[in-house]
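Colleague: I have a model open and want to learn how to read its features. Can you take me through it?

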Amino acid sequence: MPSIQSDVVIVGAGVTGLTAASRLTAAGYSVTVLEARDRVGGRTWTDEIDGVTLEIGGQWISPDQTALLETVDELGLTIYYRYREGKSVYVDADGLRTEYTGDIFPVGAATAAEIERLIAHIDTVVATVDADKPWEAPNAKALDEISFRAWLESLSDDPVAVANVALFIAGAMLTKPAHAFSALQALLMAASAGSFEHLVDADFILDKRVVGGMQKVSLTLAEQLGDRVHLNAPVRTLRWDEDGVVVTADGGLEASARIALLAVPPTLVSRISFAPPLPRRQQQLHQHLSMGLVIKVHAVYETPFWREAGLSGTAFSPYLVAHEAYDNTIEGDSRGTLVAFVSDERADEMFRLTATERRQRILESLVQYYGPAAANPVVYYESDWASEEWTRGAYATSFDLGGLARFGDDLRSPVGPVHFASSDLAGLGYQHVDGAVRMGRRAAEIIGGLLG
Ligand code: FDA
């Protein structure tokens, strides 16, 4: 059995694991990275589908995501801006389509004012939440015991305002129904992006892209790490005591180290058998987290026809199958690419259909947003992360009701020589690539301090 010895063994070659490996290597420590898949990047994956380069996973960067922007710069990568010229489209509960500008949906003056009031109110609460420790916020426990939907309904009796405000966190971010996660979890999401107002502003939250695709961040880091990164090596067992760890992966690979970093989503930790078992607290807390569910759909056309109609490609409706859509054309491509998202229970509904029926239903949303030309893309692709053995959902994990206040303060606590990190454990950049960079850096700093 091949056995590798190093200071640190890192499980997972997503952005978190590779960032930690890069930092530890630069600090002079020996590192072994074991990755289950046949590629690096985890939830970032840029691939060529039927002749078009598509971002199957994470792709956008917002201006507050400074850790990722620094990494992009350090790696010599470049960025460009998402296309956003022209009007957005909103479709209401009656199927009425309106073109508009600005961030607030065209929903009638009273509801628009109510949406603005709700957003302002939420942001006064967000200001009291430290994204790194939301469980310490005033009333954290009470805010974690009420669903986001119930909380919004307690703040407003305008159902259209509630549906629209809920969309920004439920369908658009945590990709769970608003009844399935707490107000505190929603406040963490907003605090992690600076404010709720930022989540509402598509031009802020979906600002920039990496030339060549977001996976380039991982590919470049992995290239620098060379043969320290082992692919096709799913870690199955981890033996540990106070002196160190021994992990085994498929292919008979064994790696021993003084410290292990599990750079995987917390929902996948229990896929590894631990000897001795992880303590009660970790066993419990990992069971209170779950992945959201979203289908990211790409539709590519001969031309970006919506631009000629004065549309930016940005479209929203809490009522359609695809609740949001954007222009996702790669800079310099003469074709036009739209990306649309189908979340949570609507994704369940779509996955009950055949592939042909599903495509037709999803394209119907695009036709409602952009007109009949949207019905016939030359390339159509659905990202299906929930079927991926080493992810099992998208975009990321969040707690059930009460879980964040109850378990949050132990999310990042190490167990002996076993440390945990992932974008899902981040404060700033929570659930985002920026959070993965931050968690990777943090883990490297703590582990470096322990190794001395
Ligand atoms: P990640 O899951 O990427 O990496 C973990 C790695 O561990 C994986 O490579 C996995 O294979 C491996 N692994 C798991 N178990 C293992 C085991 N037992 N042994 C060995 N290896 C194991 N973010 C953003 O900033 N902007 C965006 O636009 C989007 N959009 C978006 C769209 C979609 C469809 C998805 C799925 C995600 C996004 N995100 C995003 C989220 C972002 O992609 C995500 O938060 C980070 O890439 C997560 O990086 P991590 O390294 O923490 O985990």
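Colleague: How much area do domain 1 and domain 3 bury between them?

Modeller: First, the ground rules. This is a predicted model: local features need pLDDT of at least 70, side-chain atom pairs count only at pLDDT 80 or more, and totals for chains, interfaces and linings use all residues. Residues are numbered from 1 along each chain as its sequence is written, and side-chain values use heavy atoms, with hydrogens and water left out. Buried area is the accessible area (1.4 Å probe) that two parts lose on being put together, summed over both. Here domain 1 and domain 3 bury about 580 Å² between them, and 57% of that is on carbon and sulfur atoms. On the domain 1 side, Gly427, Tyr430 and Gln431 lose the most area to domain 3, together 66% of what that side buries.

Colleague: Which residues make up domain 1, domain 2 and domain 3?

Modeller: Domain bounds come from an automatic or database domain assignment. That assignment gives domain 1 as 3–42 + 214–278 + 415–451. Domain 2 is 46–63 + 78–84 + 205–210 + 293–387, and domain 3 is 108–200. The centres of domain 1 and domain 3, taken over C-alpha atoms, are 33 Å apart.

Colleague: How many residues of domain 1 are in contact with domain 3?

Modeller: Contact means heavy atoms within 4.5 Å. Six residues of domain 1 touch nine residues of domain 3 in this sense.

Colleague: What classes of residue does the domain 1 side have?

Modeller: For classes, Ala, Val, Leu, Ile, Met, Phe, Trp, Tyr, Cys and Pro count as nonpolar; Asp, Glu, Lys and Arg count as charged; the others, Gly among them, count as polar. The side of domain 1 that touches domain 3 has two nonpolar, four polar and no charged residues. A salt bridge is a side-chain nitrogen of Lys or Arg within 4 Å of a carboxyl oxygen of Asp or Glu. Between domain 1 and domain 3 the count is zero. A polar contact is a pair of N or O atoms within 3.5 Å; within protein, one must be able to donate a hydrogen and the other to accept it, and residues adjacent in sequence count only if both atoms are side-chain atoms. Two residue pairs meet that rule across this interface, both at pLDDT 80 or more.

Colleague: How many salt bridges does the structure hold?

Modeller: It holds 21. Take Arg84 and Asp207: their closest N and O atoms are 3.0 Å apart. Arg84 is in the loop between β5 (79–81) and β6 (87–91), and Asp207 is in the loop between α9 (202–205) and β8 (208–210), 123 residues apart. Arg84, Asp207 and Lys208 are linked in a network of salt bridges.

Colleague: Is Asp207 buried or exposed?

Modeller: Buried means under 20% relative accessible area, exposed over 50%, partly exposed in between (1.4 Å probe, protein chains only). Asp207 is buried at 7%, whereas Arg84 is partly exposed at 22%.

Colleague: Which parts does the salt bridge of Arg281 and Asp409 tie together?

Modeller: The closest N and O atoms of Arg281 and Asp409 are 3.2 Å apart. Arg281 lies in helix α11 and Asp409 in the loop between α15 (403–407) and β21, so the pair ties together parts 128 residues apart in sequence. Arg281 is partly exposed at 29%, and so is Asp409 at 46%.

Colleague: Where are the cis peptide bonds from Ala275 to Pro276 and from Ala394 to Tyr395?

Modeller: Read omega first. From Ala275 to Pro276 omega is near -5°, and Pro276 lies in the loop between β13 (273–275) and α11 (280–287). From Ala394 to Tyr395 omega is near 0°, and Tyr395 lies in the loop between β19 (379–383) and β20 (397–399).

Colleague: What is the phi of Gln431?

Modeller: Gln431 has a positive phi of about 70° although it is not a glycine. Gln431 sits in the loop between β21 (418–420) and α16 (433–451) and is buried at 9%. Asp344, also not a glycine, has a positive phi of about 35°. Asp344 is in helix α13 (residues 344–351) and is buried at 14%.

Colleague: How many residues of helix α7 are buried?

Modeller: Ten of the ten residues of α7 (residues 183–192) are buried, so the helix is largely enclosed by the rest of the structure. At its start, a side-chain oxygen of Ser182 reaches to within 3.3 Å of the backbone nitrogen of Leu184. After α7 comes Gly194, with a positive phi near 100°.

Methods. Helix = DSSP H or I, 4+ residues; strand = E, 2+ residues; numbered from the N terminus.
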